[in-house]
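Welcome, and please have your viewer ready.

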Amino acid sequence: MSLFVTFEGGEGSGKSSVLKILNQRLIDEGYPVVLTREPGGTPIAEQIRNVILDKANTDMDPWTEALLYAASRRQHLVEKIIPALNEGKIVLCDRFLDSSLAYQGGARGLGIDKVLAANMFATEGRFPDLTLFFDLDPETGLDRISANSAREVNRLDLEKMEFHQKVRASFKQLVEQYGDRFVVIDASKSKEEVAEEAYRAIKSRL
Ligand code: TYD
């Protein structure tokens with residue numbers, strides 16, 4: 001049985017390390033799992049990612065940015081996600097559509113509805129089966145990132161705190177809007193507790 005699970009949250013919410021833990025745990029249990037991420041996930045989509053996240057591209061127009069995310073998503077979906085789901089696999093994806101809605105639509109101010117409409121071309125209306133939102137106060141998240149030298153700080157990490165607060169508020173709005181697809185996870189808890197909660201949310205849908 002296929003399942004499309006996306007991991008969403010602000011910077012430093014720990015979603016990426018929890019994703020790796022869950023990937024291993026599900027593989028150990030014998031499930032066919034594909035771990036992937038956005039922006040990126042395939043060679044073409046990764047090239048688009050490099051353009052979006054390049055620290056030199058400070059002049060990038062907000063709609064250019066939103067459309068590049070959507071283009072990267074399209075390639076990723078067609079080349080990797082949909083084939084894996086058609087083969088009955090579980091796809092664990094680090095960020096997806098909701099990141100565009102929260103970052104570009106909400107925080108960047110393009111409008112959640114408009115960014116959703118632009119993404120409908122990219123996704124043909126396909127939504128994840130389950131979205132785990134790792135909720136954390138942005139100050140704690142950014143402190144975690146600066147304490148973790150292995151993780152490179154990218155252009156978007158450097159945005160003002162106000163921006164990250166807006167990202168969080170936008171994710172909360174999406175949870176209200178799409179309640180049945182979302183599970184909210186308190187990401188201020190220990191990594192083990194957070195991973196356990198996320199694991200239970202996925203298992204209950206399998
Ligand atoms: P990444 O290094 O993958 O960060 P993280 O570990 O936080 O996922 O960088 C991805 C950045 O891109 C992150 O700041 C969120 C942002 N983003 C958007 O603004 N819109 C999107 O649609 C996606 C997928 C990501």
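Predicted model: local features only at pLDDT ≥ 70, side-chain atom pairs only at ≥ 80, totals over all residues.

Residues are numbered from 1 along each chain as its sequence is written, and side-chain values use heavy atoms, with hydrogens and water left out.

**Stop one: a link across the chain**

Select Glu29 and Lys203. Glu29 is partly exposed, with a relative accessible area of 35%, and Lys203 is also partly exposed, at 28%. The two form a salt bridge (a side-chain nitrogen of Lys or Arg within 4 Å of a carboxyl oxygen of Asp or Glu), and their closest N and O atoms are 2.9 Å apart. Now look at where the partners sit: Lys203 belongs to helix α8 (residues 191–203), and Glu29 to the loop between α1 (15–28) and β2 (33–37), so that 174 residues separate them and distant parts of the chain are linked. Helices here are DSSP runs of H or I with at least four residues, strands are runs of E with at least two, and both are numbered from the N terminus.

**Stop two: salt bridges within helices**

How many salt bridges does the structure hold? There are 15. Stay in α8 and select Glu196 and Arg200, which lie four residues apart, about one turn of the helix. Their side chains meet in a salt bridge of 3.8 Å, N to O, and Glu196 is partly exposed at 29% relative accessible area.

Glu162 is partly exposed at 48%, and Lys166 is partly exposed at 38%.

**Stop three: helix α4**

Select residues 97–107. Is this helix largely enclosed or open? Of its 11 residues, 10 are buried, so α4 is largely enclosed by the rest of the structure. Among the buried residues are Leu97, Asp98, Tyr103 and Gln104. To see what surrounds them, show β1 (3–9), α3, α5 (112–123), β4 (130–135), α7 and β5 (182–186), against which the buried residues pack. Following α4 is Gly109, with a positive phi near 90°.

**Stop four: a buried lysine**

Move to Lys15 in helix α1. Lys15 is buried, with a relative accessible area of 7%. Leaving aside residues up to four places away in sequence, Lys15 touches Phe7, Glu8, Gly9, Asp94, Arg95 and Phe134, where contact means heavy atoms within 4.5 Å.

**Last stop: two packed helices**

Finally, select α2 (residues 43–53) and α3 (residues 62–86), which pack at an angle of about 165° with axes 8 Å apart. The axes are lines fitted to C-alpha atoms, for helices over the stretch in contact, and angles run from 0 to 180 degrees between N-to-C directions. The helices are therefore roughly antiparallel, a label for angles over 145 degrees. In the contact, α2 contributes residues including Ile44, Ile48 and Ile52, and α3 contributes residues including Leu68, Tyr69 and Gln75.

Note on methods. Parallel < 35°, antiparallel > 145°, perpendicular 65-115°, else oblique. Buried < 20%, exposed > 50% of the residue type's maximum accessible area, 1.4 Å probe, protein only.
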